[in-house]
Amino acid sequence: TELGRTLRDPTTGDLFPNAIIPANRISPIARNTIRLADYPGQNVAGIRNNYTIAPSARNDLNQLATRIDQSFSDKDKIFGTFYWAKLDIASPRFTQITDALQDVTTQAYSANWTHIFAPMLLNDFKAGFNFVSQDVKNRSPQNITAADLGFPANQNQAQARGISAGIPSFAPSGYGSLGAAAGPPQLFKTRHFQIGDTLSWIKNSHTIRFGVDITRE
């Protein structure tokens with residue numbers, strides 16, 4: 001018995017001799033995962049679901065937005081805008097081996113220039129740039145490969161910036177999950193460029209517009 005309970009072979013229903021599970025019946029992948037990840041021991045009574053903590057999640061958001069307007073003359077007016085935001089998200093460790101930490105940065109710039117050539121002829125020029133970066137940190141032990149855990153060697157294992165993704169997520173039924181839930185490290189960046197010009201011509205009762213708009217992702 002172990003902690004007052006009988007240990008039985010789940011495949012046959014027979015008792016394990018001397019209440020000891022044979023070493024060859026323990027998955028080497030599970031054993032390596034626990035060893036390499038420094039999986040915590042129990043801190044409450046019981047033979048399963050016997051580890052608990054109560055950490056706090058964190059979402060820190062900083063933002064800055066501004067606009068500048070300038071009138072050079074009755075014929076020329078410009079304005080520009082700038083937006084910046086940084087979001088830090090920390091998801092605490094519960095049953096996963098690691099917590100999750102990601103940084104999200106957003107920047108947006110825009111400019112507009114309006115010029116009046118004549119009372120019936122107006123030009124509007126605009127330009128803009130947006131940038132977003134999402135960086136998910138590798139909080140699990142780095143460079144643990146599939147082969148380190150006992151899986152067959154796989155040369156196609158996911159990597160980001162040369163760092164192996166670490167321990168995958170395990171979810172045994174009825175027990176706490178193992179591994180890195182978010183699958184870090186990840187790095188995602190996007191850049192959006194836009195430029196455009198519109199010429200408006202008022203002729204009698206008609207308004208005719210000519211223009212171009214170019215966008216690059």
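Trainee: What makes the pair of His192 and Glu217 a polar contact?

Mentor: The side chains of His192 and Glu217 approach to 2.5 Å. A polar contact is a pair of N or O atoms within 3.5 Å; within protein, one must be able to donate a hydrogen and the other to accept it, and residues adjacent in sequence count only if both atoms are side-chain atoms. The model is predicted, with local features needing pLDDT of at least 70 and side-chain atom pairs counting only at pLDDT 80 or more, whereas totals for chains, interfaces and linings use all residues. Residues are numbered from 1 along each chain as its sequence is written, and side-chain values use heavy atoms, leaving out hydrogens and water.

Trainee: Where is His192 found, and with which residues is His192 in contact?

Mentor: His192 belongs to strand S7, residues 186-203; strands (E, at least two residues) are DSSP runs, numbered from the N terminus. Neighbours within four places in sequence aside, His192 is in contact (heavy atoms within 4.5 Å) with Gly128, Phe129, Asn130, Thr215, Arg216 and Glu217.

Trainee: How many aromatic pairs are there, and why is the pair of Tyr109 and Phe129 called stacked?

Mentor: The count is 3 aromatic pairs. Rings of Phe, Tyr and Trp (its six-membered ring) pair if their centres lie within 6.5 Å; planes under 30 degrees apart count as stacked, over 60 as edge-to-face and the rest as tilted. For Tyr109 and Phe129 the centres are 6.0 Å apart and the planes at 25°, so the pair is stacked. Tyr109 is in strand S3 (residues 100-118) and Phe129 in strand S4 (residues 121-136), so this pair ties together parts 20 residues apart in sequence.

Trainee: Why is Phe129 called partly exposed?

Mentor: Buried means under 20% relative accessible area, exposed over 50%, and partly exposed in between (1.4 Å probe, protein chains only). Phe129 has 21% relative accessibility and therefore counts as partly exposed.

Trainee: What makes the pair of Phe129 and Phe193 tilted?

Mentor: The ring centres of Phe129 and Phe193 are 4.9 Å apart and their planes are at 40°, so the pair is tilted. The pair links Phe129 in strand S4 with Phe193 in strand S7, 64 residues apart. Phe193, at a relative accessible area of 38%, is partly exposed. Ring pairs join Phe82, Tyr109, Phe129 and Phe193 into a cluster.

Trainee: How do you know that the charged end of Arg67 sits over the ring of Phe79?

Mentor: The criterion is that NZ of Lys or CZ of Arg is within 6 Å of the ring centre and within 35 degrees of the ring normal. The charged end of Arg67 sits over the ring of Phe79, 4.0 Å from its centre.

Methods
Helix = DSSP H or I, 4+ residues; strand = E, 2+ residues; numbered from the N terminus.
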